[in-house]
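I opened this notebook to record what I looked up in the structure.

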Amino acid sequence: MRTVRFWLFGLLLASRAAFPLSGSVVATDNVKAHLVSEVGALAPGQSFWVALDFDIRDGWHTYWRNPGDSGQATKLEWHLPPGFTAGDIVWTTPHRFEIPPLVNYGYAKHAVHLVEVTAPKDLKPGTPIVLSAKASWLVCSDVCIPEDAELQLKLPVNGQSGSIDPTDAAIFTAARSELPSTEPAATTARIQNGQLVIALGKEWGATLPQIKALAFFPYDDGGIEYGAPQTLTRSKDVVELAIKVGYQPPKTGTVRGVLLATEQSGNDTATVPIEIAAHFAGAGDTVPVTRAVEKTATSLPVLLLFAVLGGLILNLMPCVFPVLSIKAIGLVQQAKKHPAAVRAKGVAFAA
């Protein structure tokens with residue numbers, strides 16, 4: 001009996017889920033999620049990093065801050081003790097998922113979302129605190145499933161700032177290696193011939209000739225067509241990346257996102273994510289493109305034609321066939337009712 005109790009106790013210790021207030025693991029059908037603190041203890045007024053850690057089922061993926069053609073970004077809704085504050089998610093560099101004709105941005109197998117949390121200055125040492133958050137995400141393969149989890153993390157409070165906990169340090173080190181670096185020099189953007197052109201000038205210095213390929217992940221939705229080719233051109237002092245504009249091309253301000261640069265130095269090749277805030281320099285054909293959109297938007301016959309075509313396509317999808325049989329049975333049953341009632345329902349349906 002004593003041996004059995006010892007075995008059960010060891011099994012309990014081995015399971016992180018056995019301690020719901022200490023980074024409990026919540027497993028859904030497709031994702032295992034838990035909160036991880038970079039420090040083992042807190043001090044009053046201390047800022048520290050927490051990670052939402054995902055282990056994702058093989059063949060499935062979750063989404064980046066801009067999911068691309070479809071999808072939904074992962075969200076965290078915090079429920080913190082009084083005086084605590086939490087920042088926004090700091091996103092690691094995403095991967096590109098092609099599901100023709102769609103292109104999405106997100107994460108497969110493993111994802112770490114970093115958040116900076118700050119404790120209040122009047123926090124009393126000696127009493128542990130519990131950080132709680134509701135995480136919600138969309139996970140997709142050939143179908144998409146919304147999932148969520150209520151997560152908690154328990155931390156002790158000391159009089160001095162807590163040091164980094166070596167147990168989970170590797171999670172944060174790996175995540176920071178996937179964060180984009182700041183741009184080394186100014187970047188500009190413009191719209192030309194229906195394309196968004198991002199230009200890196202001579203101010204980029206020695207980095208410029210090392211760039212062999214570029215890929216752009218925009219922060220804002222609609223600025224580019226995600227599935228369109230991204231074409232790199234090079235002149236003496238400028239490297240440019242051209243991408244077909246999307247349904248909501250930028251017009252003013254800055255174009256923000258991540259440039260994934262493939263750089264070659266000698267025989268060494270490296271992929272470097274760079275966060276850019278490109279100054280938007282205007283466009284030569286912005287006005288004609290806008291007018292064309294306005295003309296289409298005000299053409300009622302064209303809109304009606306597209307509506308009819310869309311309705312036909314939807315009704316020919318396999319998932320609709322079972323509904324058609326149900327409607328047919330309903331029509332047969334209605335034939336037994338009074339003609340006036342049938343006419344009233346027909347008028348209501350037509351309206």
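**Entry: the interior**

I looked up the largest nonpolar core and found 64 residues, with Leu131, Leu196 and Phe216 having the most contacts inside it. Such a core is a set of buried Ala, Val, Leu, Ile, Met, Phe, Trp, Tyr and Cys residues joined through side-chain atoms within 4.5 Å. Strand S10 (residues 129-140) gives the most to this core, with 6 residues. I noted a second, separate core of 7 residues, which includes Val36, Leu114, Ile171 and Phe172.

I recorded that the model is predicted, that local features need pLDDT of at least 70 and side-chain atom pairs pLDDT 80 or more, and that totals for chains, interfaces and linings use all residues. Residues are numbered from 1 along each chain, and side-chain values use heavy atoms, without hydrogens and water.

**Entry: His113**

I located His113 in strand S9 (residues 110-118); strands are DSSP runs (E) of at least two residues and helices (H or I) of at least four, numbered from the N terminus. His113 counts as buried because its relative accessibility is 0% (buried is under 20%, exposed over 50%, partly exposed in between, with a 1.4 Å probe and protein chains only). Beyond four places in sequence, His113 touches residues including Val50, Phe54, Ile89 and Trp91; contact means heavy atoms within 4.5 Å. I also noted that His113 and Leu76 lie 37 residues apart in sequence and 9.7 Å apart in space, C-alpha to C-alpha.

**Entry: Val302**

I found Val302 in helix H5 (residues 300-315). Val302 counts as partly exposed because its relative accessibility is 32%.
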